[in-house]
Amino acid sequence: MATINGEVQQTQPARHQEVGHKSLLQSDALYQYILETSVYPREPEVMKELRDVTAKHPWNLMTTSADEGQFLNLLLKLINAKNTMEIGVYTGYSLLATALALPEDGKILAMDINRENFELGLPVIQKAGVAHKIDFREGPALPLLDQLLEDGKHGSFDFIFVDADKDNYLNYHKRLIDLVKVGGVIGYDNTLWNGSVVAPPDAPLRKYVRYYRDFVMELNKALAVDPRIEICQLPVGDGITLCRRIS
Ligand SMILES: C[S@@+](CC[C@H](N)C(=O)[O-])C[C@H]1O[C@@H](n2cnc3c(N)ncnc32)[C@H](O)[C@@H]1O
């Protein structure tokens, strides 16, 4: 999900100064600079088209940001990903970023409870010539993951991107750690959750931000001590934590 300019962000600069933090994203202007200098000029036309389609949808704040799309696309190429999974598709911006990065015979098992939004972006994905890489499954992800484990798909995914219901992230992790291969990567999105992970207890957070915040913080704590993975939490988009399975 893209970073939202909300009330929580106003608490961040003070925190940054307090800890002498050298985040790249010290201002909105700097973020715009990244987008305009390095992201938009290189964004494939079909991804821009999908971004424009999504911008007209009422839930467009959910979409993956263009800089994060670019990051995912490059990461997938760097790790030579072929068999991937995505939990949380919406209109498909991160899905398209993934599909464009995979080889012709690459695969994405894509899950979302809402097919309608996926179908909104599907014509653009088809136009991009990558729809054949996508196996879309409608429904809640947890039972689908259990089915994959029952079917013996342990260790078969090179990359898994998780961008759906934050209150299930730890439940996803319990299953995904078995489904990703050793050396493969899981990316958990929104791990800085609008900056709310550092908001004081009395901060005026939006209801949904407050609700999911504790789940995100629990996940962050659990990932930090999980000996089965190496991690790196990046301030890209709304925060993405990459987990490389090591055992
Ligand atoms: C933040 S959006 C995903 C954004 C998407 N990655 C993109 O690039 O636009 C979250 C999505 O998760 C889906 N979702 C919510 N709960 C889910 C669940 N239990 N299983 C699968 N998908 C779910 C929602 O329908 C929504 O489309």
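**A strand hairpin and the ligand site**

Strand 6 (residues 229–234) and strand 7 (residues 240–245) run antiparallel and are joined by six bridges; strands are DSSP runs of E with at least two residues, numbered from the N terminus, and two of them pair if DSSP finds at least two bridges between them. The model is predicted, with local features requiring pLDDT of at least 70 and side-chain atom pairs pLDDT 80 or more, whereas totals for chains, interfaces and linings use all residues. Residues are numbered from 1 along each chain as its sequence is written, and side-chain values use heavy atoms, without hydrogens and water. Ile 231 stands opposite Cys 243 in strand 7. Five residues lie between the two strands of this hairpin, and Gly 237 in the turn has a positive phi of about 60°.

Polar contacts are pairs of N or O atoms within 3.5 Å. A backbone N or O atom of Gly 88 lies 2.9 Å from a ligand nitrogen atom, and a polar side-chain atom of Asp 112 lies 2.6 Å from a ligand oxygen atom. An N or O atom in the side chain of Asp 165 is 3.1 Å from a nitrogen atom of the ligand. The protein buries 90% of the 600 Å² that the ligand exposes when taken alone (Shrake-Rupley method, 1.4 Å probe).

How values were computed. Helix = DSSP H or I, 4+ residues; strand = E, 2+ residues; numbered from the N terminus. Polar contact = N/O pair within 3.5 Å; in protein donor to acceptor, adjacent residues only side chain to side chain.
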